[in-house]
Amino acid sequence: MASPNAGSSPAAAPAAPWRWIAGSAAGAALGWAAASLVAARMGTWFHVGAWQGDPWQGAAYALLLLAALSLVRAPVRWPARLGFAAACAVGGLALAAATPLGAASGVALLVLSAAGAALVAALASRAGTGDGAAAWSVVDGVLVAAVMTAAVGVLWMIVSAPAYAESFAILAWAVVALFHLAVVGLAVIGARLGRAAPAARRRLRPLSALALLLASLVASAGGVFYMIWAEGDRASPLEPPRFWDTAFTAPRPAGAAPEMRAEAAREPSLTRADVVAMLQPVGEASLAQLGTRYLLTGERAAAEKFHRDLMAAAAAGEFLAAEGSVKFGQRDVMAAAMFYVELRQRLPDLFPPADQAVLQAWFTEIAHHIFTPGWVDYLYAVPFRVMPYGPYLNQEVGAGAVAVLTRVVDPADKALHDTMDAFLTTRAVGWRRNFRNQDDSFHYQNVWMASAFALAKYVDGLDPAKMPGLRPAVEWIKRQTPVAGPYLSYGLPGGHGSIDALALGAFLLRDGEARWLLERELTAMRDRGGKLSETLPTLWLWDDSVKPVPYRPGDVLIRAASGYTFRPGRLIPDKVVMRSGGQDVDGTDGTYALFGLRNSGWHRYPATGTVIRLDHGGRAYVAEDIISLKHHWVPKGRSSHRDKKVDRVRLNGLLVARGGLDGLVGAISGVYSRWRQDSPEYAQPTAWARAGAMTVARFAIADWAGVAHDRTAVAVDDGTMVVADLVSAPPGRDTAVLWHLRCLEQAEPGLFRDSCATGGVTAAVAAAKPARVDLAPIRNLRPPADAAFAPDQQVRVSVPGGGHASALALSPRALGGLAVETEAAGDGEAAALVRLRDDGGETRLVIGRGGRWQFGDLSGDAGVLRLRRAGGRLQADFLAARDLRLPLPAAPRQVLLNGAAAPAGTWSWSGGVLAVTLAEAADGTVTALP
């Protein structure tokens, strides 16, 4: 009798489990060895994907992926399937080794990878012919993997939303898809060609393939939609203008503040003629520069060149082409129309009637084009949650263009005018209901201010009642501007200034301080050989009669509107600016510190709770490590390495290790470093006060993936700045605090001397054990975004799987050392003690956590205490204290509370301890005189 299996291929023998175990072990060893070699070759802890400028990391991923794929064999029986799952898990772990996730996350990655691979193998297998041979379908197997990849991508976007960066999230998803498809595809092809019966090889199941393909597309589309939707903002409307005074808050006073003497107006050192000299020559100038030149000088040649160039632009149909990924070109439309209106008003004969007709038709066509939504408008409509109109919404660029176009389009086109009026009435905000561009960039405020000016001038007629946001908008710029040293730039890297915003403050508000800051910025630009931008919407307002008044800003906590500029939301913490030790009007002997408190807005970067800049004497010593990079594989408008693309490891703040699904996707794709990018929307200020000779800013991240971060900055009147960090993390969660230093050379471990200037500036970084402080040089393969701020050393404070306390100090005094201690209480630290030694003695700084603390003979319940003894005199500045025990060897001759004799019963001395007891928690200073 013929065998039932006649004519069929023999059944494949089950693979021996030991072969899979041995192969998995070999793959693991190869992966870890390769990762270790790459890490040693790079000489740093932080690894970034190849598309972010790191070819060594890219090579490591390629080698590890090949190692994982080399272990893939076609599973037939369950022991073999488990071996296949183990091989995939080893491949995932090998990839994770290049961006270490820590022990707990590594185990989670192993389990997740193994489970996913086993499920893929189970779903991709099909019942064979009678001989039991595998009958896999190549199409079915690959499409099952695609569906799983789509599901993983959707889950990742949900757990990490809002996405770090649109294009990078999609890239990570695509890399994960390719990884899974390659593994499963090779396994399926091997099974089909090597072991399946000929009949099985012909079974492609087209209906099943179509269903899986549709499921994959639906899952993918849903994930992309959710990712874009999650970028949106659901904030409540902005508070009315009468509450805007809460946007700028000085520290709560307790004791004397540094004297800020009023300055008299000065004669300007930069005049209209100097500004004209910085413009491009007439033959090379843009339309905006030609218009500015004529309005400042009255040069007929500039006006005539403007006329010729504008007519040429109309003949060429400029501004009528389809937009790309952004519609920022509408800003150029605003400038062209603005200067046409202004020059035609001053020179009626410049544009003959025939030319005016041509330009009117051109501007009318441009307006119709603006109100014709394109694909990018529909894309933006998802996160912005508005029906697409056409005018560009970011920085209200479209509102500025439409406002000026109302003056130049065909008056007979009533439908167009109605559309424009409706848009300006319902969508344009400007200074009517806002004072802050919500994109987290100093420069974008400058861009928005020009758009708001166009709306105020050409629609609202510069009616003061319709622009209450102008003054606080200018204040937002002024309060942050360093009065010495490099210009300010963050969020949007590069040498972008705030010329337009300061010009509006100086000449619309006749603000002498804004005039002084504008003069400084222009003078610095001229001295380094720079030319004015080709887009200058407001500098033509220059008025030499406004005299500059030297600006002496104080410390400020800034709150700003959330949401979007065209739909502002509630006020949220934005920035903290601290200045100390500056007696010179230019602040050249003072300290300047800028802290970021938020990660919100369309153009944002993960700067929650970070130090953006720390300067002294006009020189930056702590700065962000931002590189200059273009990602040419993404649309042009999103190609710059800025905003959400900035890796948290390039900032100065808390780092939290990625884990779970986020860690898995990151390990496989290599997108960003091993650290999370989804920092909370903002850090909550918990203290903002002044006591004695110190100003204290304290803000907290209450919960970031289970990690709590308390950052306290203390600015002392002598110019010393101390930033102390208390980090609490659950077991197994790796954290770190990162600093990027420039112009500082390490003299001894943790102690740095000024290497760029002749001054005696010193800095120190220290941490309480078991945390460690590591130093490494910064070696970027890409140039810095701005050489004026480029750091050269990276300092990391970390302890695997736990919290820590650390501090950084910068001082014009000669520091002798820095030490940090903690006092344990319950599950965490009750307080941290920072000891700072300098050439004048020792300062003890205690950062409490709401309860009582004790460090040797020093104890109390203050939220922050600064204790300094010099020449037998003891001074203790404190916040939120009721009871203090201060070491004092001899009985004091007199005790002062806030500069006056302390009332009887508030203090006593015994056994070398000065006890101070207050009726209720208060801020202030205690001085004991010998």
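Author: Welcome! In this predicted model, local features need pLDDT of at least 70 and side-chain atom pairs count only at pLDDT 80 or more, while totals for chains, interfaces and linings use all residues. Residues are numbered from 1 along each chain as its sequence is written, and side-chain values use heavy atoms, with hydrogens and water left out.

Reader: Thanks! How many residues of strand β11 are buried?

Author: Strands (E, at least two residues) and helices (H or I, at least four) are DSSP runs, numbered from the N terminus. Buried means under 20% relative accessible area, exposed over 50% and partly exposed in between, with a 1.4 Å probe and protein chains only. Strand β11 spans residues 721-728 and is mostly covered, its buried residues being 7 of 8.

Reader: Which residue of β18 is the bridge partner of Val722?

Author: Two strands pair if DSSP finds at least two bridges between them. β11 pairs with β10 (residues 707-716) in the antiparallel sense over 8 bridges, and there Val722 is the bridge partner of Val714. β11 also pairs with β18 (residues 804-811), again antiparallel, over 7 bridges. In β18, the partner of Val722 is Ala809.

Reader: Is Asn780 buried, partly exposed or exposed, and why?

Author: Asn780 lies in the loop between β16 (772-777) and β17 (793-799). Because its relative accessibility is 33%, Asn780 counts as partly exposed.

Reader: With which side chains does the side chain of Asn780 make a polar contact?

Author: Leaving aside neighbours within four places in sequence, Asn780 is in contact (heavy atoms within 4.5 Å) with Asp625, Ile627 and Arg650. A polar contact is a pair of N or O atoms within 3.5 Å; within protein, one must be able to donate a hydrogen and the other to accept it, and residues adjacent in sequence count only if both atoms are side-chain atoms. The side chain of Asn780 makes one at 2.9 Å with that of Asp625, and one at 3.2 Å with that of Arg650.

Reader: Are helices α10 and α11 roughly parallel or roughly antiparallel?

Author: The axes of α10 (residues 287-297) and α11 (residues 300-316) come within 8 Å and cross at roughly 155 degrees. Axes are lines fitted to C-alpha atoms, for helices over the stretch in contact, with angles from 0 to 180 degrees between N-to-C directions. Angles under 35 degrees count as roughly parallel, over 145 as roughly antiparallel, 65 to 115 as roughly perpendicular and the rest as oblique. The crossing therefore makes α10 and α11 roughly antiparallel.
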